[in-house]
Structures are given as C-alpha cells and as structure tokens.
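Let's take a walk through this structure together, one piece at a time. Have a look at the fold first, and then read on.

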Amino acid sequence: MPFTKPENEHQDLIAEQAMTWFSQLQSESVSAEKKLQFLHWQAKSPLHKSAYDEILLFWNDSDFNQALTETPLSSSYTAEKTASHARLYWLSSAMAAGFALFAIMFDPLIYLQADYQTAIGAQQQIQLSDGSSVTLNTDSALAIDFTSNERRVRLLKGEAFFAVYSNKNRPFIIDSGETETRVLGTKFIVNNNPNGDKVTVLEGLVKVSSLNHDESINIHPEQQVINSNIGLKDVTQVNLKTESAWLNKRLVYKDQSLEDVINDLDRYLPGTIVIKDNELNHYKINARLNISNPKSALLALQHTLPITITQLSPWLTIISKS
C-alpha cells in the first residue's frame with residue numbers, strides 16, 4: 001500500500017493537515033467541537049478527504065504495524081533501511097516537508113506581533129522595563145504594550161511565568177486571547193492552551209476574567225483556574241512544585257495518565273507523538289522527567305512501561321504496546 005508522493009507545496013500542506021487531524025482524533029477526549037471542525041475541513045475539498053483516507057489505510061497496513069514491533073527508537077533511522085520499510089518513505093518525507101512548510105505558514109501574525117518568542121524545546125528569561133520578569137516556556141510568543149496607565153502583555157501563544165513588580169498606579173494585565181489576568185505584584189503562570197487558558201498563582205493575588213462570558217474570579221496562592229469555552233471552571237488547589245517544575249527543566253507527575261504526560265512532552269519535541277493503542281492513554285504515571293533532553297525523557301517511559309517507542313522520522317513518533 002504505497003503512500004502517494006506530494007507533487008507540490010499545496011499537497012504537502014494538505015498532507016501535513018491530514019496528519020495533524022489524524023493525531024488529534026486519536027485522543028479519546030477529543031471534543032465534539034473538534035470533531036465538527038474536522039468534518040468541515042474534510043468537506044472543503046476532495047483532496048482533504050483523500051489525504052486523510054490514505055493515512056487511515058496506512059495506519060492499518062500490516063507492513064506498517066510490523067515495522068512498529070521491529071524498529072527501536074533511533075535518530076539515525078531512515079525509512080529506506082529495508083524493503084519492508086520502504087513504504088514509509090513518502091510518509092516521512094511528506095511529513096517533514098509538511099511540517100517545515102507549516103512552521104513558516106502557521107499563525108504568521110503571531111510571530112509578526114511578538115516581541116519575544118521561543119523555539120520548540122527552548123526557554124527564555126526576559127527582564128521588562130518596569131522591573132518585572134518573564135520566563136517563556138517552549139514554543140511561546142509574547143508581545144509587550146506598556147503605557148503610562150497600565151502594563152499590558154499579550155501571551156500570543158504558549159506558557160509563561162510572571163514575577164510582577166508592584167506598582168499600584170500601573171496595573172499589570174496579561175491578555176491571552178479570551179482570558180485577562182490582572183495583578184499588582186505577584187508570581188504566577190499563564191498557559192495559553194487551545195483547550196482552555198490556565199492560570200496558576202504562586203504568590204499574591206490575581207484576578208482572572210473570562211472575556212467571552214463576562215465573569216471574573218480572584219485566585220490565591222496554590223490555586224489554579226481554567227477558562228474554557230464554557231467559562232471559568234471551579235478553582236482548584238494545586239501542588240506548586242509540580243506546576244512550576246518546568247522552570248527548573250523538569251516535568252513532575254503523580255498518578256497522571258500517559259496521555260497527559262505525552263501531551264506535555266509533545267510540546268518540547270518537534271513533530272507529533274501519536275499513541276497508537278487507546279488503552280495506553282489511561283496508564284497512570286509517577287515520574288520526574290528532565291526536559292532539558294526531552295527525547296531522553298520520552299525514552300525513560302519505555303524503560304518503566306510496557307510500551308514501544310518508534311521514531312519513523314524526526315517529525316513522527318509512535319507509541320504502541322510492547
């Protein structure tokens with residue numbers, strides 16, 4: 001079952017979009033809204049449906065599944081190594097080309113607006129003109145808009161830790177799209193996430209507002225709130241060492257699902273990680289992972305769980321049952 005070679009950049013982009021949709025739809029927790037968005041995308045063009053159908057056929061191909069059981073994780077792996085792996089060639093090359101194109105074309109306005117941005121797997125510490133500081137996490141973007149009356153920061157993408165210098169005459173406001181976080185002087189984390197903006201307070205008091213639902217709530221230390229498409233969720237108590245571990249190049253988990261762990265690690269690695277067997281999603285994890293080397297962190301899971309990790313290209317990693 002050969003994988004069709006993309007003939008131009010347009011087909012490369014469609015192939016990448018199809019693979020992104022396929023990855024998202026593998027999750028058991030995918031929302032009805034996300035499924036509806038996929039159906040709209042698929043209906044836009046016969047090429048969309050054809051690209052997605054081809055991935056489905058490839059996913060169920062016996063040679064592909066045999067490759068998963070035989071191939072260890074290796075950065076030197078290429079699809080041409082054996083005849084049985086040859087059929088992976090265009091999947092790997094199409095994904096690599098598609099992601100390269102996607103990196104240029106995806107949300108270009110974000111990067112035109114950003115004053116600061118980080119690459120995948122990188123972090124950056126920023127000292128602001130008012131004495132406040134920001135630590136940007138992986139794949140994040142920030143825009144600064146200070147005036148004499150207020151200090152406004154737009155978290156365009158990703159996650160950031162803020163240590164705000166107190167100034168009662170100039171409130172500090174973080175705009176993360178549908179969420180506004182207002183403070184005077186405090187330490188907190190904002191995660192601009194497609195599934196809902198998450199605000200976690202380490203010190204001080206923060207006012208979080210859902211702009212679409214016209215509601216606000218005050219958050220105290222060791223508390224967290226998520227603003228999703230249904231508005232502000234109930235405030236929860238959190239472990240600050242766990243929530244802020246990324247500031248020390250760590251991810252810490254206690255009784256977390258494998259799906260959640262992989263979704264986090266995916267942010268620090270290029271390309272896409274796909275869990276092939278849905279029952280693996282519910283495996284519970286207790287771990288302390290070093291994200292200064294996210295590939296090694298991923299491999300560490302293989303040593304403690306009955307899973308096999310297969311890297312088909314720098315852009316596609318498969319997790320399956322051992």
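One term first: a residue is called buried when its relative accessible area is under 20%, exposed when that area is over 50%, and partly exposed in between, using a 1.4 Å probe and protein chains only. What you're looking at is a predicted model, where local features need pLDDT of at least 70, side-chain atom pairs count only at pLDDT 80 or more, and totals for chains, interfaces and linings use all residues. Residues are numbered from 1 along each chain as its sequence is written, and side-chain values use heavy atoms, with hydrogens and water left out.

Now the overall picture. The protein chain has nine helices and 19 strands; these are DSSP runs numbered from the N terminus, with helices (H or I) of at least four residues and strands (E) of at least two. Of the 322 residues in the protein chain, 47% are buried. Contact here means heavy atoms within 4.5 Å. If you take the contacts in the protein chain with a separation of 6 or more, 50% of them come from residues 24 or more positions apart.

Let's begin with a pair of helices, H8 (residues 258-266) and H9 (residues 294-304). Their axes come within 11 Å and cross at roughly 165 degrees. Those axes are lines fitted to C-alpha atoms, for helices over the stretch in contact, and the angles run from 0 to 180 degrees between N-to-C directions. Angles under 35 degrees count as roughly parallel, over 145 as roughly antiparallel, 65 to 115 as roughly perpendicular and the rest as oblique. H8 and H9 are therefore roughly antiparallel to each other. On the H8 side, the contact is made by Leu258, Val261, Ile262 and Leu265, and on the H9 side by Pro294, Ala297, Leu298 and Leu301. Sort those contact residues by type and you get eight nonpolar, no polar and no charged. For that sorting, Ala, Val, Leu, Ile, Met, Phe, Trp, Tyr, Cys and Pro count as nonpolar, Asp, Glu, Lys and Arg as charged, and the others, Gly among them, as polar.

Some of these names come back in the nonpolar core. Such a core is a set of buried Ala, Val, Leu, Ile, Met, Phe, Trp, Tyr and Cys residues joined through side-chain atoms within 4.5 Å. The largest one has 29 residues, and Leu265, Leu289, Leu298, Leu301 and Ile319 touch the most other members. Among the elements that each supply at least two residues of this core are strand E5 (151-163), strand E15 (250-257) and strand E17 (284-290). Which element gives the most to this core? That's H8, with four residues. Leaving out residues up to four places away in sequence, Leu289 touches Lys249, Arg250, Leu251, Tyr253, Val261, Leu265, Ala297, Ala300 and Leu301. There's also a second, separate core of 22 residues, which includes Val153, Val208, Ile219 and Val225.

Val199 is buried, with a relative accessible area of 1%. Not counting residues up to four places away in sequence, Val199 touches Thr181, Ile189, Val190, Val206, Val208, Gln223, Gln224 and Val225. Val199 and Ile226 are 27 residues apart in sequence, yet 6.4 Å apart in space, C-alpha to C-alpha.

Loops deserve a look too. Is Thr186 buried or exposed? Thr186 sits in the loop between strand E7 (179-183) and strand E8 (187-192), and at 5% relative accessibility it counts as buried. Compare that with Asp214, in the loop between strand E10 (206-210) and strand E11 (215-219): at 73% relative accessibility, Asp214 counts as exposed. The phi of Asp214 is near 50 degrees, a positive value in a residue other than glycine. Lys249 has a positive phi as well, near 65 degrees, and is partly exposed, with a relative accessible area of 32%.

Two last stops. Ile110 is in helix H6 (residues 108-113) and, at 14% relative accessibility, counts as buried. Apart from its neighbours within four places in sequence, Ile110 is in contact with Ala141, Leu156 and Lys157. Finally, Thr272 is found in strand E16 and is buried, with a relative accessible area of 12%. Thr272 and Leu316 are 44 residues apart in sequence and 5.2 Å apart in space, C-alpha to C-alpha.
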